Amino acid sequence: MINRQFFFSFVRTHLFDGRLTTAQVQGLGGILDEWESRHARRDDRWLAYMLATTHHETDRKMQPVREYGGAAYFKSMYDVAGARPRLAIANGNTTPGDGARYYGRGFVQLTWKSNYAKAGAALGIDLVGQPDLALDLAVSTRIMFTGMQRGWFTGRKLADYFNPQRGDWINARRIINGTDKATLVASYGQSYYAAISYTT
């Protein structure tokens, strides 16, 4: 079990400038709860890197968030009637309006109708019909855990970078977003790893 008193004290000091909000504590606690209830026998570097990913993707809010942008931006980026129709169709956004419906949400910015369908099927909920469910803390947490373990987002998964032979904090960023901000996210991951490794 994670020593939560040490964990919250450590991250408050090293990752949150000395102060945690109630929402941040709730989000961090939800991630720790999911780990301890379903995944605690796995490599604990996975947990540290998921915490780091959440830290970065939510801009330290530690709550599921909506992708920045409005309807015009989402249409341009994700809609069949936007700037990238082939990419939209390849990812399941085949109907005008899908771009503004299936934009990024959650801890890992779940995007595209096909990914909402995949995540919904895995979790047993209708994310295609109700995409805002991806903003629920428990749902967002399970999407992140399952997606990063199975390689939903880029084809890369946690076990590719954290296993008995390897510990690659920088290239693990490829699980979510190529190498964008890879060194920064790696530094978060190593700090979270220190926070969860205290056992006495």
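**Exercise 1: The sides of a helix**

In helix α1, the residues Phe7, Phe8, Phe10, Val11 and Leu15 are buried. The model is a predicted one. Task: determine how these residues are arranged around the axis of α1, and state what covers them.

Solution. 

Step 1. Begin with the dimensions of the helix. Helix α1 comprises residues 4-15, which is 12 residues. From its first C-alpha to its last, α1 reaches 15 Å, close to the 16 Å expected at 1.5 Å a residue.

Step 2. Consider the directions of the buried residues Phe7, Phe8, Phe10, Val11 and Leu15. They cover an arc of only 165° around the axis, and therefore they lie on the same side of α1.

Step 3. Turn to the other side of α1, where Gln5 and Thr13 are exposed.

Step 4. Identify the cover. The elements that cover the buried residues of α1 include α2 (22-39), α3 and α10.

Step 5. Inspect both ends. At the start of α1, a side-chain oxygen of Asn3 comes to within 3.3 Å of the backbone nitrogen of Gln5. After α1 comes Asp17, which has a positive phi, near 55°.

**Exercise 2: Aromatic pairs**

Task: how many aromatic pairs does the structure hold, and how are the rings of Tyr49 and Trp169 placed?

Solution. 

Step 1. The structure holds 15 aromatic pairs.

Step 2. In general, a pair of aromatic rings is described by the distance of the centres and the angle of the planes. For Tyr49 and Trp169, the centres are 6.5 Å apart and the planes make an angle of 45°, and the pair is tilted.

Step 3. Tyr49 belongs to helix α3, while Trp169 lies in the loop between β4 (166-167) and α10 (182-196). These two residues are 120 residues apart, and the pair links distant parts of the chain.

Step 4. Check the exposure of both partners. Tyr49 is buried, with a relative accessible area of 0%, and Trp169 is buried with 12%.

Step 5. Examine another pair. The rings of Phe74 and Tyr78 have centres 6.4 Å apart and planes at 20°, so this pair is stacked. Because Phe74 and Tyr78 are 4 residues apart in helix α4 (residues 71-78), about one helical turn separates them. Phe74 counts as buried at 5% relative accessibility, and Tyr78 counts as buried at 7%.

Step 6. Extend the view to the cluster. Phe74 and Tyr78 form one aromatic cluster together with Tyr73, Tyr103 and Trp112. Over the face of Tyr103 lies Arg105, at 4.0 Å from the ring centre.

Notes: Residues are numbered from 1 along each chain as its sequence is written. This is a predicted model: local features need pLDDT of at least 70, side-chain atom pairs count only at pLDDT 80 or more; totals for chains, interfaces and linings use all residues. Side-chain values use heavy atoms; hydrogens and water are left out. Rings of Phe, Tyr and Trp (its six-membered ring) pair if their centres lie within 6.5 Å; planes under 30 degrees apart count as stacked, over 60 as edge-to-face and the rest as tilted. Buried means under 20% relative accessible area, exposed over 50%, partly exposed in between (1.4 Å probe, protein chains only). A charge sits over a ring if NZ of Lys or CZ of Arg is within 6 Å of the ring centre and within 35 degrees of the ring normal. The expected span of a helix is 1.5 Å times one less than its number of residues. The arc is that of the directions from the helix axis to the C-beta atoms. Contact means heavy atoms within 4.5 Å. A polar contact is a pair of N or O atoms within 3.5 Å; within protein, one must be able to donate a hydrogen and the other to accept it, and residues adjacent in sequence count only if both atoms are side-chain atoms.
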